[in-house]
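Here are a few notes to read alongside the model, for when you first open it. They begin with one local spot and then step back to the whole chain.

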Amino acid sequence: MVSEESPLLVATAHEAIYDRFAPHQKRWIVFLVSFVGLLPMFIQVTFVPSIPQIAKDLDLTDAVVSLTFSLSLLANAVGALVWATYSSFYGRRLIYLWGMPFVCVASCGVALSTSFYGLLFWRFVQTFGCAGGTTLGVGVIGDIYKLEERGTVIGAFYAVTLVGFAVAPFLGGAATQYWSWRSLNYCLGAWGVLEILLIYLSFPETSHPGTLGINKVTRRRWIHITWVNPLSSLWLLRSPNLLAVMFASALALISSYVLLIPMAYTIGIRYGITNDAIIGACFLPNGLGSFTGSLVAGRLSDIVVRRWREKRRGVWYPEDRLRATWIGGLIMAPLSVGASGLITTYIGGPIGLGLNILCLYVNGVGVDSVLSPISSYNVDVVHSRSAEATAAHVASRWLIISAATALIIPSIQYIGVAWTNIITAVLVLIGQGIIFLTIRYGDRMRASVDVGFSTMENN
């Protein structure tokens, strides 16, 4: 049991378990999981610029098709819980191979959809299948990298996957404008096939020896299927620390969706942009900002951890990593979303468009300067269940965002872009206040509910 007075971790030698893979093997593993992590971003974000054409082809309204996007966020939450929980039992490699076939089949199903309900079903299955890309990737990095290294690597992992967030809207818009949203989904299915081949041929199991549930089964069948409750990961959120950072990250991420989801109806209409490819290109600055923010914040969080350990003469407190969120959460994210709403409302022409593009970039940097350290923090504090902790975090966050995204366009219609964005900026600041309290009282919060926090011997 962790007491309020005792530090969670103290400086000791790192376990030799992190030396199982040579540096070049680790780089290849990170490349593979990053490549797999790109696909969920493409599946999620290429859909947005396709909404008008899908609505036209299926004789639906844009608002109705947007509900499909909200449901896909729910599928992301469910899938993250399922794949992460089973990866702790069967291992990372096998679960990667189980999830990808869902993506391949469902992408073809989306491409062949002729009705709203068909589209709804196949989008759910498609997003469910790829939902493990992020949670398993973070878990794999936690398996092979030490405490002071993993923040940088997790930041790089998110940076690579967020390339999808930068280029996917442009490619989705271009495909919609000049090709077909159906053909785009066939391509996503082919991508899934390629991932299956790469994982099968070159991805080793990274889970620490003896930690998998299947290893503890004494009598095993050739095909051994065991029921593992996917909701058990959510029980980790009874920890005030994990619950607090989840809410904070959700509030920060909402600011990006407030800018991106209604872009065709805000920036598009305000500045007379009707070409789907150009609308998609407007997503690029935010994605590039996310790429920058993840890289910088990941490395910065490792530096912060080392410096605060030195100040405490070798004693390590997990909440130190959260100090790397200050600039992004207090300044960049809220300022950019609030300014964008005011600029869109009051400044027209090329100047207004240019300032909005700047706000999109700054928002990407700010939001991922919050998300990246929080992701590493989740791995640090519950290292033995890192994929599950990440899944519980991501799933709960997506549930919140799923509800929030359904309110964005109606909010803009009723109170306008400026007030919607200002309210969002306030929410981001509230989230940063939650992080401040977690840093200040993190030791007491951990002492109040012990969910099996890490020690130096198992981190």
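1. Start with the side chain of E205: one of its polar atoms sits 3.1 Å from the backbone nitrogen of R92. The backbone nitrogen of R93 also lies 3.1 Å from a polar atom of that side chain. Do keep in mind that this is a predicted model, so please read these as computed distances.

2. Setting aside residues up to four places away in sequence, E205 touches F21, G91, R92 and R93.

3. Leaving out neighbours within four places in sequence, T206 is in contact with R20, F21, I29, R92, V140, D143 and I144. Two of those names, F21 and R92, also turn up in the list of residues that E205 touches.

4. Stepping back to the whole fold, the protein chain has 15 helices and two strands. The C-alpha trace spans about 60 × 50 × 35 Å along its principal axes. Why call the chain a compact globule? With 459 residues, such a globule would have a radius of gyration near 23 Å, and the 22 Å of this chain agrees with that.

5. The contacts are worth a glance as well. Taking those with a separation of 6 or more, 86% are between residues 24 or more positions apart. As for burial, 59% of the 459 residues count as buried.

6. Last, the surface and the charges. The protein chain exposes about 18,200 Å², and carbon and sulfur atoms supply 69% of that area. There are 30 positive and 23 negative side chains, and the centres of these two sets lie 2 Å apart.

Technical notes: Residues are numbered from 1 along each chain as its sequence is written. This is a predicted model: local features need pLDDT of at least 70, side-chain atom pairs count only at pLDDT 80 or more; totals for chains, interfaces and linings use all residues. Side-chain values use heavy atoms; hydrogens and water are left out. Helices (H or I, at least four residues) and strands (E, at least two) are DSSP runs, numbered from the N terminus. The radius of gyration is taken over C-alpha atoms; the globule rule is 2.2 Å times the number of residues to the power 0.38. Buried means under 20% relative accessible area, exposed over 50%, partly exposed in between (1.4 Å probe, protein chains only). Contact means heavy atoms within 4.5 Å. Accessible areas come from the Shrake-Rupley method with a 1.4 Å probe; for residues, only the protein chains shown count as cover. Lys and Arg count as positive and Asp and Glu as negative; His and the chain ends are not counted. The place of a charge is taken as NZ of Lys, CZ of Arg, CG of Asp or CD of Glu. A polar contact is a pair of N or O atoms within 3.5 Å; within protein, one must be able to donate a hydrogen and the other to accept it, and residues adjacent in sequence count only if both atoms are side-chain atoms.
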